[in-house]
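Take a look at the chain shown below.

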Amino acid sequence: MVKDCFSHRFFNNMLYGLKYFEIQLYSIIVILLKKGRCSGVNILIGIMIPFVGTAAGAACVLFMRNAIKDLTRKILLGFASGVMVAASVWSLLIPAMEMASDMGKLSFIPAAVGFALGILFLLMMDKLIPHLHMDSKKPEGLKSGFSKTTMLLLAVTLHNIPEGMAVGVAFAGMLMENTGLTLASSFALSMGIAIQNFPEGAIISMPLLGEGVSKGKAWAYGMLSGIVEPIAAAITIFLATHIEPVLPYLLSLAAGAMLYVVVEELIPEASEGEHSNIGTIGFAAGFIVMMIMDVALS
């Protein structure tokens, strides 16, 4: 009964998040109308693409009978890691340094400071938010009475935040002058994150069946774990367009937060046990795909 109560509360919090997301979308549309630069529809589509990737991946639970095999899971985690590392470098850190080029040899400062803040931000969230990683029996963060299902979802939600921030800051940069960020490069980042969100959605929804959750609820929980991405993107766009000078710092902050997730969670999970080289192959494939997308579509 207690577990069901916490799961129900988590679901309700997600619904409140959706309502807040609607308010942020309205703010973004107002900003776009004032800027008069590009269609607000493009922005809304762009920040929703990663969420669609998560929802589509979570839908695998509706069609697959068995849990994801360990080798498949390793290569998917590796692929997601490669995408996030490449996105952090080409889509976030390099543009951050290019925006600060007027600082000369000190143009690395915004990127370095923002990167460190991103690491610290995720480290703090990791310590505060109660969550449970896959294949782990010991919860992390503050003690709570949350059920295992809820804490598994919180673990995914936690590292979806920097991905949403990355997409949001990319589209915010596109709205401004002389940032070097274009609609094509912003969509490339959004699509790259959506690609790595697909296996992520499957990885979170499939184990929920083993926890006694129905297929419909497993899909819903997996899908809603990704709603934090467009919410984080909306908030980041709203902030960045009001505080334009901090954009390089926000870009690198998102990069630091994403790489924290890669090093802290994804790579260790892809490398543990036998056949760790499978995860490495997946990493290489993800890195190459994201690199090609970013360069070719920029």
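Axes are lines fitted to C-alpha atoms, for helices over the stretch in contact, and angles run from 0 to 180 degrees between N-to-C directions. Helices (H or I, at least four residues) and strands (E, at least two) are DSSP runs, numbered from the N terminus. With these terms, take one pair. Helix α2 (residues 40-58) packs with helix α8 (residues 228-242) at an angle of about 155°, and their axes are 8 Å apart. That makes α2 roughly antiparallel to α8. Angles under 35 degrees count as roughly parallel, over 145 as roughly antiparallel, 65 to 115 as roughly perpendicular and the rest as oblique.

This is a predicted model: local features need pLDDT of at least 70, side-chain atom pairs count only at pLDDT 80 or more, and totals for chains, interfaces and linings use all residues. Residues are numbered from 1 along each chain as its sequence is written, and side-chain values use heavy atoms, with hydrogens and water left out.

**The chain as a whole**

The protein chain has 10 helices and zero strands. Buried residues make up 53% of its 298 residues. Buried means under 20% relative accessible area, exposed over 50%, and partly exposed in between (1.4 Å probe, protein chains only). Contact means heavy atoms within 4.5 Å. Of the contacts in the protein chain with a separation of 6 or more, 81% join residues 24 or more positions apart.

**Helix pairs**

Two packed helices are described by the angle between their axes and the distance between the axes.

| Pair | Angle | Axis distance |
|---|---|---|
| α2 and α8 | about 155° | 8 Å |
| α5 and α9 | about 150° | 9 Å |
| α4 and α9 | about 45° | 6 Å |

A crossing is left-handed if the near helix is turned anticlockwise from the far one by less than a right angle, and right-handed if clockwise.

Start with α2 and α8. Their crossing is right-handed. On the α2 side, Ile43, Ile47, Met48, Pro50, Phe51 and Thr54 take part, and they meet Glu229, Pro230, Ala233 and Ile237 in α8. By class, this contact of α2 with α8 has eight nonpolar, one polar and one charged residues. Ala, Val, Leu, Ile, Met, Phe, Trp, Tyr, Cys and Pro count as nonpolar, Asp, Glu, Lys and Arg as charged, and the others, Gly among them, as polar.

Next come α5 and α9. They pack at about 150° and are therefore roughly antiparallel to each other. Their crossing is left-handed. Residues of α5 in the contact include His159, Glu163 and Gly173, and those of α9 include Leu247, Met258 and Glu265. The contact of α5 with α9 has 14 nonpolar, two polar and two charged residues.

Now take α4 and α9. Their angle is about 45°. That makes α4 oblique to α9. α4 passes α9 in a right-handed crossing. Among the α4 residues in the contact are Pro110, Phe115 and Asp126, and among those of α9 are Tyr249, Tyr260 and Glu264. This contact of α4 with α9 counts 16 nonpolar, four polar and two charged residues.

**The core**

A nonpolar core is a set of buried Ala, Val, Leu, Ile, Met, Phe, Trp, Tyr and Cys residues joined through side-chain atoms within 4.5 Å. Which residues of the largest nonpolar core touch the most other members? They are Leu92, Phe171, Leu189 and Leu251, out of 70 residues. The elements that give two or more residues to this core include α3 (70-99), α5 (148-175) and α6 (183-210). The largest share, 15 residues, comes from α5. A second, separate core of six residues includes Phe51, Ala55, Met223 and Leu224.

Serine 81 lies in helix α3. It is buried, with a relative accessible area of 1%. Not counting residues up to four places away in sequence, serine 81 touches Val262, Leu266, Ile267 and Phe283.

Methionine 97 is also in helix α3. Is methionine 97 buried or partly exposed? It is partly exposed, at 33% relative accessible area. Methionine 97 and serine 107 are 10 residues apart in sequence, and 5.5 Å apart in space, C-alpha to C-alpha.

Leucine 175 sits in helix α5. At 2% relative accessibility, leucine 175 counts as buried. Its C-alpha is 9.7 Å from that of isoleucine 43, 132 residues apart along the chain.
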